[in-house]
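Please look at the structure first, then try each task before reading its solution.

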Amino acid sequence: MLAPRRRPLLRVLSLVCLFQLGPVASQDPTPLPSQDSVTDYAPSTNVECPDFSTTSLLRVFTPDNQTLHPEETAYINQRASKVLPDAWQAWLGGNVEGHGYNLSSFQGNYPKIGMAIPGGGLRSALYGAACIGGLDARNDSAKAAGTGGLLQVTSYLSGLSGGSWVTGSMYFNNWPTMNEMVLGNGGDMEGWLLELPLASPDGIDLFSGNNQDFYGSILWSVMAKAQQGIDTSLTDPWARMISYHFLNQTNRQNFFTNDTAHGAGQLWSDIPRIPAYQQYQTPFPIVVSDSRPVGSNATTATTLDPVVYEITPLELASYDPNLSMGMNLTYAGTHLLNGTAVNGSACVTGFDQAGFIMGSSASLFNQILDFARNTISDFSQDDGAAILYVLSRQLRDVRTRADDVANWPNPFHGMKNATFEDSSSEWLELIDGASNSENIPYAPLFVRARALDVIVTIEGSADDNVNLWPNGSSLLTTALRQSTLLRPSHQQFPPIPQDTQAFVDTGVNMRPTFFGCDPTQSPPEFPLVIYLPNAPPINGDDPVTKYVKAS
């Protein structure tokens with residue numbers, strides 16, 4: 001028998017995702033405080049550190065004594081008490097005959113839900129936004145279908161690579177509807193402007209006036225960071241390109257100008273200042289990035305062993321057993337040794353640029369950039385040429401370190417040297433969050449201390465080389481990593497088909513599926529995983545997208 005806390009979702013949630021952006025009730029977004037210049041991408045150095053005799057920038061724990069950041073716990077608890085009861089009531093409180101549940105019988109013991117948006121560039125971003133729109137109570141068609149409302153009762157939202165772009169865009173535009181966020185609201189939001197390519201917005205002529213103005217602004221931002229003595233890489237211009245589309249301040253009229261900062265100066269650690277977050281209207285956001293062991297210079301996908309990091313508004317952290325630490329995100333650009341600033345009492349702030357966080361999660365250049373042949377794959381021809389052009393100018397004009405990764409000062413330098421492979425390094429090399437073949441950002445949602453009951457998977461992976469449908473590869477990889485490396489620190493994955501062929505043969509990659517419906521323990525030994533794969537629409541329409549390029 002299923003644990004009672006799971007049962008409302010099993011009967012009520014429609015087995016379809018509304019794979020469309022449709023009419024929605026409007027919400028006027030409250031703009032975040034603006035920044036003035038593209039040079040606000042530069043962190044601030046020589047900022048006075050907290051008193052290390054009384055304050056630590058690091059949070060240390062163990063798999064056996066796992067803790068969450070206290071402000072994360074406080075946010076989740078406040079949202080659970082102030083917002084979620086009404087959200088559950090609004091979603092499932094009416095039409096008891098239709099779904100068969102009386103919410104009062106649960107006595108406030110509602111499932112704790114997480115939602116994951118995988119990687120895959122613009123393809124994944126669009127699919128993720130469409131699915132979220134289909135689960136949003138502000139979408140009238142989703143509400144009529146019975147799925148609108150699941151977003152409102154979700155406690156955690158994780159994103160990876162293209163999924164991190166959706167995540168960042170929702171928060172830095174103050175939690176708009178998906179229709180407003182992607183397509184604009186006819187007023188102060190013009191949407192993602194996807195008719196303008198990410199790296200070559202004025203078309204194939206890289207030397208057109210508009211393209212040159214754009215590249216000049218991008219490099220001006222990167223140079224400002226480098227002039228602060230902080231090493232850069234190709235991830236930095238990539239981060240700035242992403243910002244023009246997914247953060248606020250950019251529209252068609254100012255795209256090729258410096259009239260605004262185009263998202264520069266917007267910090268991931270400032271998410272708690274966003275009005276929707278302050279009102280506990282949003283899930284707690286987490287972005288995932290993999291790491292390349294420093295010194296390996298690997299240009300291929302990683303194994304399962306390297307540390308997987310999560311970035312929240314509060315910290316850069318990993319719950320992997322071999323690290324189990326977190327760093328105060330506000331000071332994430334500071335070089336530490338054994339928990340103390342290398343430069344005495346001088347710290348760095350402003351390193352956690354929102355664009356750089358999203359860029360770090362989508363930094364796949366170590367796997368697609370061929371320095372010897374000056375070629376780049378997985379991008380359209382125009383955008384690939386544009387990225388190589390910007391890199392050539394960057395290498396000429398500014399100081400860089402490892403050019404094909406996101407360079408982060410290592411806050412865990414000197415810590416846990418018996419288990420942490422980068423303990424002796426001054427740097428961390430962060431790369432695309434799917435580099436270890438976990439294309440779905442499951443890891444944060446399975447952390448034991450978070451104790452999630454349900455994980456909703458918006459699965460837009462392009463595993464099948466013919467039709468670009470998912471085939472379960474990411475789920476199988478995560479299940480393997482959790483059963484071998486993360487058993488002490490993470491919940492285990494529920495039963496799933498044994499291999500990709502079984503995913504295809506059973507058809508679960510072609511329709512929404514619930515994994516983990518039959519736990520044998522109470523509380524259940526694994527969370528319920530709701531799997532919403534990108535697949536042919538059940539009404540026979542053409543697929544949402546078959547485009548797999550990063551841009």
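Is Cys49 buried or exposed? Cys49 counts as buried, because its relative accessibility is 8% and buried means under 20% relative accessible area, exposed over 50%, partly exposed in between (1.4 Å probe, protein chains only).

Before going on, a word on the ground rules. This is a predicted model, in which local features need pLDDT of at least 70 and side-chain atom pairs count only at pLDDT 80 or more, while totals for chains, interfaces and linings use all residues. Residues are numbered from 1 along each chain as its sequence is written, and side-chain values use heavy atoms, with hydrogens and water left out.

**Exercise 1. Find the disulfide and describe it.**

Step 1: Search the whole structure for a pair of cysteine sulfur atoms within 2.5 Å, which is what a disulfide means here. The search finds one.

Step 2: Name the partners. Cys49 is joined to Cys347, with 1.9 Å from S to S.

Step 3: Cys49 sits in the loop between β1 (44–48) and β2 (58–60), and Cys347 in strand β11 (residues 346–349), so the link spans distant parts of the chain, 298 residues apart. Helices (H or I, at least four residues) and strands (E, at least two) are DSSP runs, numbered from the N terminus.

Step 4: The angle about the S-S bond is 110°, and the link of Cys49 and Cys347 is right-handed.

**Exercise 2. Why is helix α12 described as largely enclosed?**

Step 1: Count the buried residues. In α12 (residues 354–361), eight of the eight are buried, so the rest of the structure largely encloses this helix.

Step 2: Pick out some of them. Among them are Phe356, Ile357 and Met358.

**Exercise 3. Describe the ring pair of Tyr75 and Tyr280.**

Step 1: Rings of Phe, Tyr and Trp (its six-membered ring) pair if their centres lie within 6.5 Å; planes under 30 degrees apart count as stacked, over 60 as edge-to-face and the rest as tilted. The whole structure holds 28 aromatic pairs.

Step 2: Tyr75 and Tyr280 are 5.2 Å apart, centre to centre, with 40° between the planes, a tilted pair.

Step 3: Look around the pair. Ring pairs link Tyr75, Tyr156, Tyr277, Tyr280 and Phe284 into a cluster.
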